[in-house]
Amino acid sequence: MNAPHAPDPSTAVRGEDGARGTDWARVRADFPLLDRRVHGKPLIYFDSANTGQKPAAVIETVDAFYRRHNANVSRAVHQLGSEATEAYENARRKLARFLNVRADELVLCSGTTFAINLVAYSWALPQLKPGDAILLTRMEHHANIVPWQLVAERTGAAIKVVELKPDGTLDLEMLHALMTPEVRLLALAHVSNVLGTVNPVREICREARRRGIVTLVDGSQAVPHRPVDVKAIGCDFYAFTGHKMCGPTGTGALWARKELLAAMPPFIGGGEMIKEVSFQGTVYNDAPYKFEAGTPNIAGFAGLAAAVDYLETLGMADIEAREQALLAHLTEELSGVEGLRIFGTAPEKAAVVSFLVEGAHAHDLATLLDLEGVAIRSGQHCAHPLLQWLGVAATCRASLAFYNTHEEVERFVAALRKVRKLLG
Ligand code: PLP
């Protein structure tokens, strides 16, 4: 199994990208897919906000699980059953340590979308009533809008929206003004998947808590790219997804305060989430298991545990510094492209750059860039309300990860200049 190439701390020197002399070229070589050619050109993968690439250590762990340990969790006394259960519970413990939370407060699930729906159906639906309000922000992903609309329709609660400043930061004055007594829940992104804006979630959650408002933070774009201490943030719910943090698809988790989980009814019923079942009634298991009905993605969670090991060995602070250096380089290079407009210029920003080039449609640019081996996303990025506010039908989005390189940034901008000429 390939270990990530973090340096020996005793010889480490803080380098150009703020990292302790990490050999980023060797780190990149841990990702087999990045060696690919696409349309005859070396791949430049700038779509990590969509899904992240996987290091060999993760791929090999999933492979080894199916080759050597495959069994169902908690249902068998045999050796393989114990090994599968241990692999799954090991992921819960590792994720809990990684985010500084208790393992028994972590519900493992298929990802952020499931995690937010779990809160919507198990916490909000039984609680909310006409006259209550749910507070969202303009920059939310559809996964943090649509579940609340479904709940609002069924409970009669209202939805209120905090708007943004021109640079893509949250209007904090408006946020505070909208934190009125009828607001029961504030649900917001830690980091925007379109603008890259990093929200001051710690301060926001403190203010909400003071006013008795329950908070849910969507950490999909934060956990893969920066150190995250959920306890320090002080929210009530924190949702994230495994496939953006070097882990397999179909993995993720919801963290929630123990007392909230204890009071919430199950969302999905079935095997594994019960203590006892009879036709007269069912006694549910304790949290987090009462929210984990059915057979989970065991191999996926074994892989996610390997992803956490991988990220921890590199160090989240060094990953953040590396990505910030790549972001600064990309932003500077793009600022030299005539007619190019960047959406989202918040002072604290993750390595996500949404842009448009005058006279070129976003989809045309992305299609021609694909022919140059460049993978970027174009469209509305599951954020229609944000695109409506920006006043554009679509944007291109280049999103980076630590495994990208400065050379790729330059090749990407050269390819962009070339395809732009083709579009006239
Ligand atoms: N929230 C944000 C901010 C995202 O960027 C995404 C995925 O792009 C999601 C939620 C949904 O994540 P998943 O599809 O893994 O459930």
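Residues are numbered from 1 along each chain as its sequence is written, and side-chain values rest on heavy atoms, with hydrogens and water left out. Because the model is predicted, local features need pLDDT of at least 70 and side-chain atom pairs count only at pLDDT 80 or more, while totals for chains, interfaces and linings use all residues.

The protein is divided into domain 1 (10-42 + 315-422) and domain 2 (61-311), with bounds that come from an automatic or database domain assignment. The C-alpha centres of the two domains lie 28 Å apart. Across the boundary, 31 residues of domain 1 are in contact with 29 residues of domain 2, where contact means heavy atoms within 4.5 Å.

Turning to the interior, a nonpolar core is taken as a set of buried Ala, Val, Leu, Ile, Met, Phe, Trp, Tyr and Cys residues joined through side-chain atoms within 4.5 Å. Buried means under 20% relative accessible area, exposed over 50%, and partly exposed in between (1.4 Å probe, protein chains only). The largest nonpolar core holds 110 residues, of which Tyr238, Phe355, Ile376, Phe402 and Phe412 touch the most other members. Helix α10 (residues 298-314) gives the most to this core, contributing 12 residues; helices (H or I, at least four residues) and strands (E, at least two) are DSSP runs, numbered from the N terminus. At least three residues of this core come from each of domain 1 and domain 2. Apart from it lies another core of 29 residues, including Cys109, Ala115, Leu260 and Leu261. Within the largest core, Phe412 is one of the residues touching the most other members. Not counting residues up to four places away in sequence, Phe412 touches Ile44, Phe46, Leu330, Leu334, Phe355, Leu369, Val374, Ile376 and Ala398.

The ligand comes next. A nitrogen atom of the ligand is 2.5 Å from an N or O atom in the side chain of Asp218, and a ligand nitrogen is 3.2 Å from an N or O atom in the side chain of Ser220. A polar side-chain atom of Thr241 lies 2.5 Å from an oxygen atom of the ligand. The protein covers 87% of the 400 Å² of accessible area that the ligand has on its own, as given by the Shrake-Rupley method with a 1.4 Å probe.

Asn144 and Glu140 can be read together. Asn144 is found in the loop between β5 (133-137) and α5 (146-155), and Glu140 is found in the loop between β5 and α5. Asn144 counts as buried because its relative accessibility is 0%, and Glu140 counts as buried because its relative accessibility is 0%. Their side chains make a polar contact at 2.9 Å, that is, a pair of N or O atoms within 3.5 Å; within protein, one must be able to donate a hydrogen and the other to accept it, and residues adjacent in sequence count only if both atoms are side-chain atoms. The side chain of Glu140 also makes a polar contact with that of Thr137 (2.6 Å). Leaving out residues up to four places away in sequence, Asn144 touches residues including Ile116, Leu136 and Asp218.

Finally, Pro55 lies in the loop between β3 (44-45) and α2 (56-69), and is buried with a relative accessible area of 0%. Beyond its neighbours within four places in sequence, Pro55 is in contact with Asp30, Phe31, Pro32, Cys246 and Tyr310.
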